[in-house]
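Good morning, and thank you for coming.

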Amino acid sequence: MADEEAALAWMDQALDVAREALEHGEVPVGCLLVCDNEVLGKGRNEVNETKNATRHAEMVAIDRVLEWCQQSNKVYEEVFPKTVLYVTVEPCIMCAAALRLMKIPRVIYGCQNERFGGCGSVLNIASGDLVDTGEPFECIAGYRAKEAVELLKAFYRQENPNAPKSKVRKKKHRSLSSTDGIQKLTE
């Protein structure tokens with residue numbers, strides 16, 4: 001039960017980071033990389049802020065752990081295999097591949113990512129039989145999922161000022177007389 005309580009407490013912190021993302025106009029995803037009961041890195045989406053599509057919460061958290069390793073004179077190849085990643089939304093395919101390459105053994109997440117999920121919703125990068133991609137990792141879903149979904153709904157209810165302008169063209173309506181239509185069909 002202690003593990004369950006700890007996971008819920010870490011997810012509460014990840015949700016706080018996701019709320020921060022929402023306040024900054026980002027898709028509200030937050031994550032923590034935890035080792036020996038210590039947060040080594042946390043991240044939130046920074047895609048809109050940086051105009052860089054790779055700045056997902058998991059990638060930011062990985063960068064923070066790499067910085068921590070450098071400052072602490074630790075070898076990242078030894079640190080990542082001892083961490084657990086807590087994230088509010090299932091990692092996308094890109095992030096799941098990065099987690100696997102970094103040899104992160106366990107991912108605990110909130111809600112599923114039905115459009116881009118890399119831990120089983122779309123593709124199973126986490127446990128797939130993939131060549132030269134590191135070891136598979138364990139995924140545990142459903143922690144604080146309802147709260148994660150509510151944050152996502154809040155984001156999508158608002159207008160995203162960074163979204164690209166629609167390229168859908170409006171069709172010009174022209175009226176044809178019935179004889180024009182028949183003439184076109186017979187040509």
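Along the sequence, the elements of the protein chain come in the order α-β-β-α-α-α-β-α-β-β-α-α. That makes seven helices and five strands; both are DSSP runs numbered from the N terminus, a helix being H or I with at least four residues and a strand E with at least two. Please note that this is a predicted model, in which local features need pLDDT of at least 70 and side-chain atom pairs count only at pLDDT 80 or more, while totals for chains, interfaces and linings use all residues. Residues are numbered from 1 along each chain as its sequence is written, and side-chain values use heavy atoms, with hydrogens and water left out.

How much of the chain is buried? Of its 187 residues, 39% count as buried, where buried means under 20% relative accessible area, computed with a 1.4 Å probe on protein chains only. As for contacts, meaning heavy atoms within 4.5 Å, consider those between residues at least 6 apart in sequence: 58% of them join residues at least 24 apart.

I turn now to the cysteines. A disulfide is a covalent bond between the sulfur atoms of two cysteines. Here the criterion is a pair of cysteine sulfur atoms within 2.5 Å, and the count comes to zero. For C69, the nearest cysteine sulfur is that of C35, 8.9 Å away.

Finally, let us consider the second largest pocket. A pocket is an open set of points on a 1 Å grid over the protein atoms alone, with protein on both sides within 12 Å along at least five of seven lines; its lining residues have an atom within 4 Å of a point. This pocket holds about 240 Å³ of space, a volume being the space filled by probe spheres set on the points. Which residues lie nearest its centre? Of the 16 lining residues, they are D3, V84, Y86, R106 and I108. Helix 1 gives the largest share of the lining, five residues.

Conventions. Buried < 20%, exposed > 50% of the residue type's maximum accessible area, 1.4 Å probe, protein only. 1 Å grid on protein atoms, 1.4 Å probe; cavity = no way out; pocket = protein on both sides within 12 Å on 5 of 7 lines; lining within 4 Å.
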